[in-house]
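Hi everyone, thanks for coming. Let me put the structure up, and then I'll walk you through a few spots.

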Amino acid sequence: MSFVKLVFQLGGSLGFLLFGMKLMSEGIQKSAGNSLKKALGLMTSNRFLALITGMMITMIIQSSGATTVMVVTFVNAGLLTLQQSVGVIFGANIGTTITAWIVSFFGFNFSISSFAIPIFGIGFLLYTMKKLRQENLGEALMGFSMLFLGLDMLSGAIAPDSGNLNFISALDDWGFVSIIIGVVIGLLITALLHSSSAATAIVITLAYNKLISWEFSASLVIGSEVGSTIDAVLAAWGSKENAKRAAFIHVTFNAVMAFFAIIFFVPLLQLVDFVVPGPVAQNISFHIAALHTLLKTITAIVFLPFTKQFAAISEKIIKTKATEQQNVYTLEFSETGGRENAVAYLVRAEKEIFDMAENVAQMFRCVQVGFSGNSDTFVKEYFDLLTQKEDYVDQMEEGLTSYLVSCSKLPLTEKQTADVTRMMQIVEDIESMSDECYSIGVMIKKSVDKNMQFSKEDLEKLQPYLSLAGKAFDIVHANLDESWTAEEIATAEEIETQIDAQHKALKKLARKRLESGAEVKTELMYIDLVRQIEKFGDHAYRISSAMEQAARHST
């Protein structure tokens, strides 16, 4: 019974600890909101700025896993180059060590329950009082308090006088073999928990309760550095080559760091002892936190000048597949064991929607050739391309819709939830625009195959009408990032009014020609062309209206 009780105590304590970290990280990520998107602009080719950016983002959101997932996602979407990602990954590794310092400072120097429970109460009030609009801060505070309550319960369950885990001390007695065992255990625990911060917090708790020595604690921390790469590996699974390369760099950084830490184990611990004042026994938690930080910082400083070489090596090891199908669209939503970063996934979706719109823009340019008096050229040189693009956009709609449904299940803010809904509508409208382009192309081909002749005057009247529809789409395409100005909104509305007016005028002309004895099939096709172009413009205006509302709510 005592063993069963211990298992439940440890399980419950770890549950509080892990859920607290998850809740705190998610609350902070939601509070940060679009600030994380803006941080992308700092991830430039300047390796030092990239390192600082990765470090600061990780310190803020309290999760190197979430940062590395974001980096891999951005690389996969083409928003970050492989070389830019290297510095960010190095910085994320340093930033994650802040959790160990928080645990060391607060975890054992204060009566946890005396401040954790009141903080949870404050967080709960902020979370439930919707009028204050501080739900995300409340969530972060509740997570913070649960983290330390979990630590308190874990410390109580493994207290030395309980004798529950005294057998762990036996692992310290095998010299260098103990170090290797500690590295392996640290790796496995971190891979299972998906959090080096949680693993380090557990190590600090065990060491503080004198269940493991300083040396064995250090070996566990070294192993946890390698185990923490699991999130990046999962995020890159099924992604493009550059995303896999970014994950490879992350794994290599931590593996090489662990290798040299084992080789120079004794000098490394002596360096920590020199940096942290006081006897190890009295400041064991700070020694572990310092080891965590020194390991990451020294390795980053040594590796940072070689970001180009890291990128080049990864490209040689992970080669681009020559047989990769270019006309098959894939968009994987990679599960990363609870480290999903909502901002990263939404930025990826926005990039894919922009690419989808670019495909429609190419389709529209193909259609314009058919209206320029070169319908034969259109059929011979552009119709097959139009067909391929239409099929590809259909694939994009299916893949993006599935991806956005998965995004909707992430912990999202109210605005992010609205963004996902808006993006689903935009995807549907863009796909409909591709359908209109293809339908117009089919009609042009049909007119050529059946030798149906439109008068030069009729085609000339369609040109400004088609140009208006193209202009409506160009405005949408250029502002898919929500950067709408009052002038652009007014222009979109004016173009829609003009399209509707010309639609009515052109239909009226065609009907008059029918009444005067013109060829029925030709005039009916002309009316269909006019209608399809008008529908294309309607979808563009619908997107612009959705984007305008989003821009208005974000201000």
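Let's start on the surface: Phe176, Ile180, Val184, Leu187 and Leu188 make a nonpolar patch there, and together they have about 430 Å² of accessible area. That area is Shrake-Rupley with a 1.4 Å probe, with only the protein chains shown counting as cover for residues. For a patch, residues need over 30% relative accessible area and no salt bridge; like charges are joined within 9 Å, and nonpolar side chains (Val, Leu, Ile, Met, Phe, Trp, Tyr) within 5 Å. Leu188 sits in helix 9, residues 176-193.

Quick housekeeping: this is a predicted model, where local features need pLDDT of at least 70, side-chain atom pairs count only at pLDDT 80 or more, and totals for chains, interfaces and linings use all residues. Numbering runs from 1 along each chain as its sequence is written, and side-chain values use heavy atoms, leaving out hydrogens and water. Helices are DSSP runs (H or I, at least four residues), numbered from the N terminus.

Next, salt bridges, meaning a side-chain nitrogen of Lys or Arg within 4 Å of a carboxyl oxygen of Asp or Glu. How many does the structure hold? There are 10 salt bridges. One pairs Glu225 with Lys296, at 2.9 Å from N to O. Glu225 belongs to helix 11 (residues 214-227) and Lys296 to helix 15 (residues 284-303), so to speak distant parts of the chain, 71 residues apart.

Those two helices also pack: helix 11 and helix 15 have axes 10 Å apart, at an angle of about 35 degrees. Axes here are lines fitted to C-alpha atoms, for helices over the stretch in contact, and angles run from 0 to 180 degrees between N-to-C directions. Among the residues meeting there, Trp214 and Val221 are in helix 11, and Leu291 is in helix 15; contact means heavy atoms within 4.5 Å.
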